[in-house]
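Colleague: Please take me through the terms applied to this model and the values behind them.

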Amino acid sequence: MQRAPDTSHRPGVEFSRMRILIVGAGVIGLASAYYLEKAGHDVTVVDRHPGVAGETSSGNGGQLSYSYVAPLAGPGVVSKLPRWLTRRDSPVRFRPRLNIEQWRWCFEFLAACTRERSELTTRNLLSLSFLSRTLMHELIATEPSLNFDFTQSGKLVLHRDAGAMQDAIKLLEFQRTLGCEQHALGADACVELEPALATTRPLLAGGIHTPGEDTADCQRFCECLETMLRARGVRFLMNTSIDDLKVDACGNVGAWCNGAQLDADHIVIASGAGATRLLKPPGIRVPVYPLKGYSLTFDLQPETASPHISITDFSRKVVYARLGERLRVAGIADIDGYSLEPDATRLATLRSETAAVFPEVARLPIAQAWTGLRPATPRGTPIIGPTRYRNLWLNIGHGALGFTLATGSAALLTEWLAGRDGHNLRDTFALSH
Ligand SMILES: Cc1cc2nc3c(=O)[nH]c(=O)nc-3n(C[C@H](O)[C@H](O)[C@H](O)COP(=O)(O)OP(=O)(O)OC[C@H]3O[C@@H](n4cnc5c(N)ncnc54)[C@H](O)[C@@H]3O)c2cc1C
């Protein structure tokens, strides 16, 4: 059991209440607002959208994936590159652009594709994800008004060939040493666990079952947090775009909007994929680049054969999460710039992947098709903590795991802002790593 960081304000201990401006009302910004307000600070959240979760925290895969944190940058990547570069239906696609940011990210990503680096990242992320799970469960227990289709569903990761299943068992053995509870199942046992997979049985070599995983609706989570935070006095400045970060003569950073500076003692950047551009004026380079993904949401009918357990189709990198009476299908990672314009062929790929695994679901009308930009770092590790400016803090780069890691990242940031480091994780997620 992870120990929760001490983010509360204890009477009798010297405490200074600070005015904190959080840029970004996605899941990371809102979770940060929750722990900072709880610690006694005066918090304002600013976002360019009219509502919270206006970007990547809206239609994501809905998996709280505490034990599946291994980064995309892994030792097997180089052999997959030819497929990624050429096939239109590949789960990962690279579209080269005349953009230094994109090429630099790709080179740093390839440099991270070693077993040693991937294992170190997995180890670091597990420490954050286990803390996040403890805090998410604590949050749900203490805030009963939060209603966001949270289910302790468990997760089954499906493998379609024997080689991939063997690799998955090796990863399971490695992760067992780090505290993950996972079980390898044969194809029949997968169908026994999730009967909606009956028609998929011939495709399966086996699966890994992780009972301790959860699913939930990230957008609803954000909306619930907003309601709760407003009731506690947190201010929201919506439809407000921070267009500049300027450094003053004393070396403090100010957030500027339409020629006016917003008042704050400290600024927390939680602007997702927007962070790289926002941080350029004060000269902070962050290796965050968007990996564009897609999701489809289906409204389920009572008789539709659809999963109750959360499913990941490993080779196709597609996830299936039940959110109440809806099924969210998400996947695809396109290294393709900042455009949110959906590509019809990619949406068709996602639908045909669904048809292969849950044919009855794929025949339903699509209730929502969505694209989002994962704020990804090459190594897969978020960047949390201070910058070289005394009053500027980062909580960015959560890639494919922002919902999963939101509570832990926000609580650690809050602890570090108070000058404490009870978990000795400050260096692990610092900007230079
Ligand atoms: C297809 C897909 C599936 C995913 N599935 C999962 C999953 O199953 N589980 C999981 O844990 N994670 C998943 N993720 C990842 C997760 O959604 C992200 O990591 C997370 O949403 C990032 O949250 P964020 O708050 O950092 O960014 P965002 O949600 O993008 O929020 C950033 C906010 O900052 C605001 N902003 C940016 N710049 C400015 C500015 N200059 N001024 C004012 N406001 C600004 C934006 O408007 C935005 O609202 C998935 C992502 C995708 C794309």
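Predicted model: local features only at pLDDT ≥ 70, side-chain atom pairs only at ≥ 80, totals over all residues.

Modeller: Residues are numbered from 1 along each chain as its sequence is written, and side-chain values use heavy atoms, with hydrogens and water left out.

Colleague: Why is Trp105 called buried?

Modeller: Buried means under 20% relative accessible area, exposed over 50%, and partly exposed in between, with a 1.4 Å probe and protein chains only. Trp105 has a relative accessible area of 4% and is therefore buried; Phe109, with 5%, is buried as well.

Colleague: What makes the pair of Trp105 and Phe109 stacked?

Modeller: Rings of Phe, Tyr and Trp (its six-membered ring) pair if their centres lie within 6.5 Å; planes under 30 degrees apart count as stacked, over 60 as edge-to-face and the rest as tilted. For Trp105 and Phe109 the values are 5.3 Å centre to centre and 10° between the planes, so the pair is stacked. Both residues belong to helix α3 (residues 100–111), where they are 4 residues apart, about one helical turn. Helices (H or I, at least four residues) and strands (E, at least two) are DSSP runs, numbered from the N terminus.

Colleague: Why is the pair of Tyr289 and Tyr338 called edge-to-face?

Modeller: The ring centres of Tyr289 and Tyr338 are 6.0 Å apart and the planes stand at 70°, so the pair is edge-to-face. Tyr289 is in strand β14 (residues 289–299) and Tyr338 in the loop between β17 and α9 (344–357), so the pair ties together parts 49 residues apart in sequence. Tyr289 is buried at 1% relative accessibility. Ring pairs link Trp105, Phe109, Tyr289 and Tyr338 into a cluster.

Colleague: How do you know that Lys246 lies over the face of Trp256?

Modeller: A charge sits over a ring if NZ of Lys or CZ of Arg is within 6 Å of the ring centre and within 35 degrees of the ring normal. Lys246 lies over the face of Trp256 at 4.1 Å from the ring centre. The charged end of Lys317 sits over the ring of Phe314, 4.6 Å from its centre.

Colleague: Is Asn258 buried or exposed?

Modeller: Asn258 has a relative accessible area of 71% and is therefore exposed. This residue, although not a glycine, has a positive phi of about 50°, and its place is in the loop between β11 (253–257) and β12 (260–262). Ile332 also has a positive phi, near 70°, but lies in strand β17 (residues 326–335) and counts as buried at 6% relative accessibility.
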